[in-house]
Amino acid sequence: MANQNYLLSSQLPVPSSDGALIAFIASSQLHIRCAATTDDLQIYDLPPGFDTSCRFVRWYRPRGKGAVTWGSDGNKAGDECLAQRLLLADDARIIVYDINKSQIYAEISGATTLTKLADVDFGQTPDQVMVFSDFGYKLQIWSLKSKRAVEVKDFKSELACYSYRPKTGHLALLTRPAAHDVLLILAPHSHEVLSTSELSTVDARGIKYSPDGNWLAVWDTASAGCRVIILTANGHHFKTYSASESELNLGIRCLQWSPSGDHLAIGDQEGSVTLLGKNTVGCHSIPSPALLARN
């Protein structure tokens with residue numbers, strides 16, 4: 001019989017990006033376990049009441065193929081030195097842990113005051129923490145090195161409202177300061193605004209860089225039908241794809257670039273998939289099995 005090292009967790013266990021480690025909260029403690037052996041590698045005592053108020057548990061993860069990996073000292077490193085950090089957050093504070101250290105690595109307090117915390121995650125590096133306020137009020141990008149934050153007002157509150165450019169780390173962010181969607185391109189590390197572009201979308205729902213970092217895809221709300229805008233890496237309009245107005249379309253459900261960045265797959269709400277080529281205006285649609293069965 002395998003070793004049965006069980007504890008009653010107050011939240012669902014969360015695996016690391018490579019699946020090698022598991023984080024969970026039990027008995028007012030944060031446990032970091034090896035997935036292969038179920039042995040505890042680190043046990044941290046949580047602040048009083050934090051085990052019940054904690055709403056988010058997030059591991060740092062590299063962002064896509066070609067993403068820069070970072071060592072625990074904050075410098076670029078190979079996969080074998082990848083920083084294993086995770087954060088826990090409630091509405092009052094964010095606590096960051098590094099499993100190579102027995103103490104809390106960093107703590108952010110008072111990140112949200114007027115609104116609740118909508119979401120929190122690591123940024124491009126393990127030394128960046130992104131704090132999303134409720135209702136799109138503001139986005140804060142904290143540097144754990146400088147202990148300072150950059151604020152962006154009126155960001156789009158959807159979880160797909162931002163995308164990091166592979167290899168360079170530029171941040172593309174959707175905002176809506178008035179009646180139109182605006183795309184911001186922020187510099188790596190400093191997050192200085194490099195460019196702003198007003199989009200022709202009705203109400204953009206998400207943005208995604210291609211794996212080669214040369215293109216951006218922005219998809220529109222369902223009321224606009226199946227509509228995707230392709231932009232260059234710095235936010236200039238390249239082309240727009242819209243489904244035929246004669247076809248009833250309930251909008252886009254998901255979108256994914258091919259590994260090479262040469263093609264874009266668009267999945268709609270009816271289960272069909274449309275394939276686009278970045279250098280062509282043509283497309284190829286694949287009906288869903290359910291649609292084929294009805295016909």
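Predicted model: local features only at pLDDT ≥ 70, side-chain atom pairs only at ≥ 80, totals over all residues.
**Entry: ground rules**

I number residues from 1 along each chain as its sequence is written, and side-chain values use heavy atoms, with hydrogens and water left out.

**Entry: whole chain**

I started with the secondary structure and got two helices and 24 strands. Helices here are DSSP runs of H or I with at least four residues, strands are E runs of at least two, and both are numbered from the N terminus.

How much of the chain is buried? Buried residues make up 47% of the 295 residues. Buried means under 20% relative accessible area, exposed means over 50%, and partly exposed is in between, with a 1.4 Å probe and protein chains only.

I also looked up the accessible surface, which comes to about 14900 Å², 53% of it from carbon and sulfur atoms. The areas come from the Shrake-Rupley method with a 1.4 Å probe, and for residues only the protein chains shown count as cover.

Of the contacts with a separation of 6 or more, 40% are between residues 24 or more positions apart. A contact here is heavy atoms within 4.5 Å.

**Entry: sheet 9-10-11-12**

Next I traced an open sheet of four strands, in the order 9-10-11-12 and with antiparallel pairing. Its edge strands are strand 9 and strand 12 (148–153), each pairing on one side only. Neighbouring strands in this sheet are turned by 15° against each other on average, direction ignored. For such angles, axes are lines fitted to C-alpha atoms (for helices over the stretch in contact), and angles run from 0 to 180 degrees between N-to-C directions. Two strands count as paired if DSSP finds at least two bridges between them.

Going pair by pair, I found five bridges between strand 9 (residues 117–122) and strand 10, antiparallel. Phe122 has Val129 of strand 10 as its bridge partner. The hairpin from strand 9 to strand 10 passes through five residues.

Strand 10 and strand 11 (residues 138–143) are also antiparallel and joined by five bridges, with Gln128 opposite Ser143 in strand 11. Their hairpin has four residues between the strands, and Phe135 in the turn has a positive phi of about 65°.

Is strand 10 (residues 128–133) mostly covered or mostly open? It is mostly covered, with six of its six residues buried.

**Entry: Pro126**

I then checked Pro126, which sits in the loop between strand 9 and strand 10. Pro126 is buried, with a relative accessible area of 1%. I also looked at Trp59: Pro126 is 67 residues from Trp59 in sequence and 9.3 Å from it in space, C-alpha to C-alpha.

Why is strand 14 (residues 171–175) largely enclosed by the rest of the structure? Because five of its five residues are buried. Leu171, Leu173 and Thr175 point one way, Ala172 and Leu174 the other, and all are buried.

Strand 13 (residues 162–164) runs antiparallel to strand 14 with three bridges, and Ser163 pairs with Ala172. The hairpin of strand 13 and strand 14 has six residues between the strands, and Lys167 takes a positive phi near 75° there.

Strand 14 also pairs antiparallel with strand 15 (residues 182–186), over five bridges. Thr175 has Val182 as its partner in strand 15, and the hairpin between strand 14 and strand 15 runs through six residues.

**Entry: sheet 17-18-19-20**

Last, I traced an open sheet of four strands with the order 17-18-19-20 and antiparallel pairing. Strand 17 (206–209) and strand 20 (237–242) are at the edges with a single partner strand each, so one side of each is left without a neighbour in the sheet. The twist averages 20° from one strand to the next. Inside the order, strand 18 (residues 215–219) and strand 19 (residues 227–232) are joined antiparallel by five bridges, and Ala217 has Ile230 as its bridge partner in strand 19.
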